[in-house]
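These are my notes from going through one structure for the first time. I wrote down what I looked up, entry by entry.

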Amino acid sequence: MNRFLERLEQGPVICAEGYLFEFERRGYLQAGAFVPEVVLEHPDLVAQLHREFVHAGSDVVEAFTYYAHREKLRIIGKEDALEEINRQALRIAAEVAQETGALLAGDICNTNVFDPADRASHAAVRRMFEEQVGWAVDAGADFIIGETFSWAEEALMALDVVRATGLPAVITLAIHRAPETREGWTPEDACKRLEDAGATVVGLNCIRGPRTMLPLLERIRATCQGPLAALPVPYRTTDEEPSFQSLTDPERPGTRPFPTGLDPFVCTRDELAEFAAAAHELGVSYLGVCCGAAPHHIRAVAEALGRTPPASRFGADMSRHAFYGSDTRLKSVNRSYAGDL
């Protein structure tokens, strides 16, 4: 049996995403273009972040080929690096997957080329998917992720390309302010179409935080029979501002927090744990966190599912805190001062 399918039968699969935002925060990737040039410039750092996510509880090493497609590289004038960046990202991910025993996933995403009214764009999109999926197959990927599709028709095209390889496909949609895809399909209808077309796992990723993604998952669960995916962004989106692009900061009126001013909206690890538990109770079996994720968020998801990844060894233990702790070996002069901190 395929390793991914076998692992999925055993219980929930955790997949860490969020590489774009994490490397932007660290100063190795430019916000806006969001092209993963770090794969070529600092492969050691990419490998280390893969390891950190596995250490925190991810079952999957997802090759950092998100936005490493022809259109994104064309925009920054580096289309000639397309194959190199993809093969390098897959090689790095494959090495870490082999080293850690994790699953290896190839990755494709929204192309920013798809136009439902332009048949020529459909052919271009398919070619983009075919070349990236082909490199993932060459690298020995266990399955292929197709993600962040706001056009469900583009997602169906991605699925068709993946299915031609015989590999399992995890296909996730990105739902913006309006609770529908860009062609006007409801999330549940779009996911049902993907499921009926042969996707192994369907669901949602990115754009919406835990609070505004969960209600949509409930509708999808009531419609789809197979495994579901849920990978929200770790931001406090609301009914009034359901996407992280739509968030506004009252402390900085007139500015747009997305993508570099989202710090005031970051979810705590406890909020991600609560989401993971609720989603799993709902029947979601493929869980993770998308743009904005850091290893501590993935650890929270893993622990919410009853796991103890290696990173759990260093879970918080406030009983030893100098001021807030309860350990009898602590100095009473500090513990008595806790209320004045």
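**Entry 1: an aromatic pair**

I began with F4 and Y286, and found that both are buried. The model is a predicted one, so I treat every value below as computed from it. I then asked how many aromatic pairs the structure holds. The count came to 15. In the pair of F4 and Y286, the ring centres are 6.2 Å apart and the planes stand at 80 degrees. Planes over 60 degrees apart count as edge-to-face, so I noted this pair as edge-to-face. I also looked up where the two partners sit: F4 is in helix α1, and Y286 is in strand β8, which covers residues 284–289. They are 282 residues apart, so the pair links distant parts of the chain.

Ring pairs link F21, F34, Y235, F244 and F258.

**Entry 2: salt bridges**

Next I turned to charged side chains. Side chains of opposite charge can pair when their charged atoms come close. I found 21 salt bridges in the structure.

One of them is formed by the side chains of R7 and D59, with 3.5 Å from N to O. Here too the pair links distant parts of the chain, 52 residues apart. R7 belongs to helix α1 (residues 3–10), while D59 lies in the loop between α4 (43–56) and β2 (60–62). Is D59 buried or exposed? Its relative accessibility is 15%, and under 20% means buried, so I put D59 down as buried.

The salt bridge of R70 and E79 came next; its closest N and O atoms are 2.8 Å apart. I looked up both partners. R70 has 32% relative accessibility and counts as partly exposed. E79, at 29%, also counts as partly exposed.

I then took E71 and R74, whose side chains meet in a salt bridge at 2.9 Å, N to O. Both lie in helix α5 (residues 70–75), three residues apart, which is about one turn of the helix. The two partners fall into separate classes: E71 counts as buried at 17% relative accessibility, whereas R74 counts as partly exposed at 45%.

I also noted a network, in which salt bridges that share partners join E22, R25, R26 and E52.

**Entry 3: one histidine**

I picked out H280 and asked where it is placed. H280 sits in helix α11, residues 269–282. At 37% relative accessibility, H280 counts as partly exposed. Leaving aside neighbours within four places in sequence, I found H280 in contact with P12, L287 and L305. I also checked H280 against A229: the two are 51 residues apart in sequence, and their C-alpha atoms are 9.8 Å apart in space.

**Entry 4: cavities**

How many cavities of 30 Å³ or more does a search of the whole structure find? The search finds two.

The largest cavity holds about 120 Å³ of space. Its lining is made up of 13 residues, and those nearest its centre are E17, G18, Y19, Y66 and E147. I sorted this lining by class and got seven nonpolar, two polar and four charged residues.

The second largest cavity has a volume of about 40 Å³. I listed its lining as T65, N86, L90, G106, D107, I108, Q132, V133, A136 and I144. The elements that give two or more residues to this lining are α6 (82–100), β3 (103–109) and α7 (119–138). By class, I counted five nonpolar, four polar and one charged in the lining of the second largest cavity.

**Entry 5: the largest pocket**

Last, I looked up the largest pocket, which holds about 440 Å³ of space. Which residues lie nearest its centre? They are Y67, N110, T148, I207 and Q245, out of 27 residues that line the largest pocket. I divided the lining by class into 16 nonpolar, eight polar and three charged residues.

Terms used
Residues are numbered from 1 along each chain as its sequence is written. This is a predicted model: local features need pLDDT of at least 70, side-chain atom pairs count only at pLDDT 80 or more; totals for chains, interfaces and linings use all residues. Side-chain values use heavy atoms; hydrogens and water are left out. On a 1 Å grid over the protein atoms alone, a cavity is a set of points where a 1.4 Å probe fits but cannot get out, and a pocket is an open set with protein on both sides within 12 Å along at least five of seven lines; lining residues have an atom within 4 Å of a point. Grid points are joined across faces, edges and corners, and a volume is the space filled by probe spheres set on the points. Ala, Val, Leu, Ile, Met, Phe, Trp, Tyr, Cys and Pro count as nonpolar, Asp, Glu, Lys and Arg as charged, and the others, Gly among them, as polar. Helices (H or I, at least four residues) and strands (E, at least two) are DSSP runs, numbered from the N terminus. Buried means under 20% relative accessible area, exposed over 50%, partly exposed in between (1.4 Å probe, protein chains only). Contact means heavy atoms within 4.5 Å. A salt bridge is a side-chain nitrogen of Lys or Arg within 4 Å of a carboxyl oxygen of Asp or Glu. Rings of Phe, Tyr and Trp (its six-membered ring) pair if their centres lie within 6.5 Å; planes under 30 degrees apart count as stacked, over 60 as edge-to-face and the rest as tilted.
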